[in-house]
Amino acid sequence: MAKIVISALLCLAMFGSMAQAAGAGACREANGTAPVSGSCDAYIECKNGVAEEKLCPDGLLYNEKSTGYPCGYPIDVECNQATARLQAAQPSENCPHQFGYYRMGDASHCGQFMNCAAGRGFVFDCPVGLAWNPATYKCDWPDQVEDCDAEAFLGFRCPAPAPKSDLLGVQEEDYTFHASDSDCQVYFICIEGRPRRIGCGEDQAFNQELKQCDDIENVPNCSSDIKAKGAEIKAARANAAALRRKQN
């Protein structure tokens, strides 16, 4: 599986049990793997009809559906055994298990995660404005992450929605747009009262009237420095495009 760190292969012998299984009768096929009853991270490996019980590295589970390396992250594995057991955790200084992905920080600092491989922790940052979602192993909108306080994380509090007018039949908006107070090239979309941060391109800024990104020159509240930088980037792109047309 592409997401499994290659070093898991090198560490299998360290974490796997090398005890022989109960004879060739444990093999459903001459070569392949099979689950161990009552366990989510142990499996039987058969080579030429000889069965051997092994353990996945700590933090990974046996994936019966895999056609390659038989161990995978829990999010990719279905282990439905009622009384399934797991090997004892083998934590390191930074990692609760030898392998896995783990969010760092609290509810107001949701943008970092750690990938643990053979007990070594590697810290990664989500793109600006996104939070690590442990339910999907992906960077996501903070309002979609259950234990992330989107407003505290983004530093923006959505205003209360305008009251609904029964007289005029005006419906509340499903989402609203708001300019950032500190950066004209950033704005927030509030969805059900929770914000999402959106960044415009380097040569664009948020136009409150259009409720979308626009040329910086059309947004009066941008500083002269930002406007100058945007104009420089825009000119450089135009020159590059003209050069490509000339070469073709």
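**Figure 1. The disulfide of C40 and C79 in the predicted model.** The torsion about the S-S bond of C40 and C79 is about -85°, so this disulfide is left-handed. The bond links distant parts of the chain, 39 residues apart. C40 sits in the loop between β1 (32–35) and β2 (42–47), and C79 in the loop between β5 (71–72) and β6 (100–103). The two sulfur atoms lie 1.6 Å from each other. C40 has a relative accessible area of 8% and is buried, whereas C79, with 27%, is partly exposed.

**Figure 2. The disulfide of C56 and C71.** Here the S to S distance is 2.0 Å. With a torsion of about -85° about the S-S bond, the link of C56 and C71 is left-handed. C56 belongs to the loop between β3 (50–55) and β4 (61–62) and C71 to strand β5, so the pair ties together parts 15 residues apart in sequence. C56 and C71 are both buried.

**Figure 3. The disulfide of C200 and C213.** The sulfur atoms of C200 and C213 are 2.0 Å apart. This link is left-handed, with -85° about the S-S bond. It connects distant parts of the chain: C200 is in the loop between β13 (194–199) and β14 (204–207), and C213 is in strand β15 (residues 212–215), 13 residues apart. C200 is buried, at 16% relative accessibility.

**Figure 4. The protein around these bonds.** The count of disulfides comes to nine. The protein has three helices and 15 strands. Of its 248 residues, 38% are buried. The accessible surface is about 15100 Å², and 52% of this surface belongs to carbon and sulfur atoms.

Definitions and conventions
Residues numbered from 1 in each chain as written. Predicted model: local features only at pLDDT ≥ 70, side-chain atom pairs only at ≥ 80, totals over all residues. Heavy atoms only, no water. Helix = DSSP H or I, 4+ residues; strand = E, 2+ residues; numbered from the N terminus. Buried < 20%, exposed > 50% of the residue type's maximum accessible area, 1.4 Å probe, protein only. Areas by Shrake-Rupley, 256 points an atom, 1.4 Å probe, with all protein chains shown as cover. Disulfide = S-S within 2.5 Å.
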